[in-house]
Amino acid sequence: MTDQTRQSFLQRISNLTRSATSLRARIRRGAGHSTPQVEEPVEEQAPAQITRTTHAPDGQCVYAIGDVHGRRDLLEKLIEQIDEDSQSLPDGTKRVLVFLGDYIDRGLQSKDVVEFLLSDRMKAFERVFLMGNHEEALLRFLNDVNFGKQWVRYGGAETLYSYGLQPPQNARAAMQSHDAMQAYQRAWDKVWTEFRNRLPEQHLKFYQNLQHYYVTGDYLFVHAGLRPGETLENQTVRDMLWIREEFLEAEEQFPQVVVHGHTPTDGVFRDDRRIGLDTGAFISGKLSAVRLFRDEVSFLST
């Protein structure tokens, strides 16, 4: 895939997945072919100046990994980098791996990603697995066959493929007659039943036991973000998995720096409020992680 094609694809999904601020910055860089909906040019913003000092827990090094989206190949490469990096840590340092969710969908290695996460490959690390909105979608499909029609539109088809299934085709043709609609529904019923039968019990437990957030030291890890002005106790699961602009564009800080994924950008983002790690791995080939040790913050990527 050429850089031009990759940039064009990221531009197309940005309308759904990026904050207005990130989108304006991307338009100013000339990515894609869309006409900017702005009245006048805006100067490129300088990188955020970091003034807030934060610390990982004493004796721990925490690595957090952004949205994998069915790219086991990239995940294995990044874990190798993290393994190598962690060898330089002082003896006795506890190594923690935090995954920010969205392990599946969009990439054809979705099942393989879960197999890798459940393997002994990372047994030297304490592992924390957070839920993403795509795992929530899979669980919803398991309970509601009718949700499959929506799930496959934003990546679920690739997950079904990875488990050896194919979603029903010709949804538009199904609207032409009552018989066609019934046949389409029967096809979905069959896929739904097969998926429930084929999904390994270990995978089901993995999806069901994912955490919504994790706090350690001066950092809070969550898939999408938090709603400004609300305490952690009052945050909703929906916001933790889905929120975008309200969180991304707010100015107020939370008690901890929020480390999140969910909204893809060309590179990792960091300011005094948040660290964004979703770099569109499934299409960009760039899976990113942050390394938090003492008061140090650094990044790794494929």
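Because the model is predicted, local features need pLDDT of at least 70 and side-chain atom pairs count only at pLDDT 80 or more, whereas totals for chains, interfaces and linings use all residues. Residues are numbered from 1 along each chain as its sequence is written, and side-chain values use heavy atoms, with hydrogens and water left out.

The protein has twelve helices and ten strands, where helices (H or I, at least four residues) and strands (E, at least two) are DSSP runs numbered from the N terminus. Of its 302 residues, 50% count as buried, a term that stands for under 20% relative accessible area with a 1.4 Å probe and protein chains only.

A nonpolar core is a set of buried Ala, Val, Leu, Ile, Met, Phe, Trp, Tyr and Cys residues joined through side-chain atoms within 4.5 Å. The largest such core holds 49 residues, and Ile65, Leu75, Ile82, Phe99 and Phe195 touch the most other members. Among the elements that give two or more residues to this core are strand 1 (60–65), helix 3 (72–86), helix 8 (178–198) and strand 9 (288–293). A second, separate core of 18 residues includes Val62, Ala64, Val128 and Phe221. If neighbours within four places in sequence are left aside, Ile82 is in contact (heavy atoms within 4.5 Å) with Tyr63, Ile65, Leu97, Phe125, Ala289 and Leu300.

Two packed helices are described by the angle between their axes and the distance between the axes. The axes of helix 4 and helix 9, which are lines fitted to C-alpha atoms over the stretch in contact, with angles running from 0 to 180 degrees between N-to-C directions, come within 11 Å and cross at roughly 85 degrees. The two helices are therefore roughly perpendicular to each other, a description used for angles of 65 to 115 degrees. Helix 4 contributes Lys111, Val114, Glu115, Leu117 and Leu118 to the contact, while helix 9 contributes Gln202, His203, Phe206 and Tyr207.

Strand 4 (residues 213–216) pairs with strand 5 in the antiparallel sense over four bridges, pairing being assigned if DSSP finds at least two bridges between two strands. Tyr213 stands opposite Val222 in strand 5, and the two strands form a hairpin with two residues between them, where Gly217 in the turn has a positive phi of about 60 degrees. Strand 5 is also joined by three bridges to strand 6 (residues 257–260), and these two run parallel.

In a regular strand the side chains alternate between the two faces of the sheet. In strand 5 (residues 219–222) both faces are covered, with Tyr219 and Phe221 buried on one side and Leu220 and Val222 buried on the other.

Key:
Angles under 35 degrees count as roughly parallel, over 145 as roughly antiparallel, 65 to 115 as roughly perpendicular and the rest as oblique.
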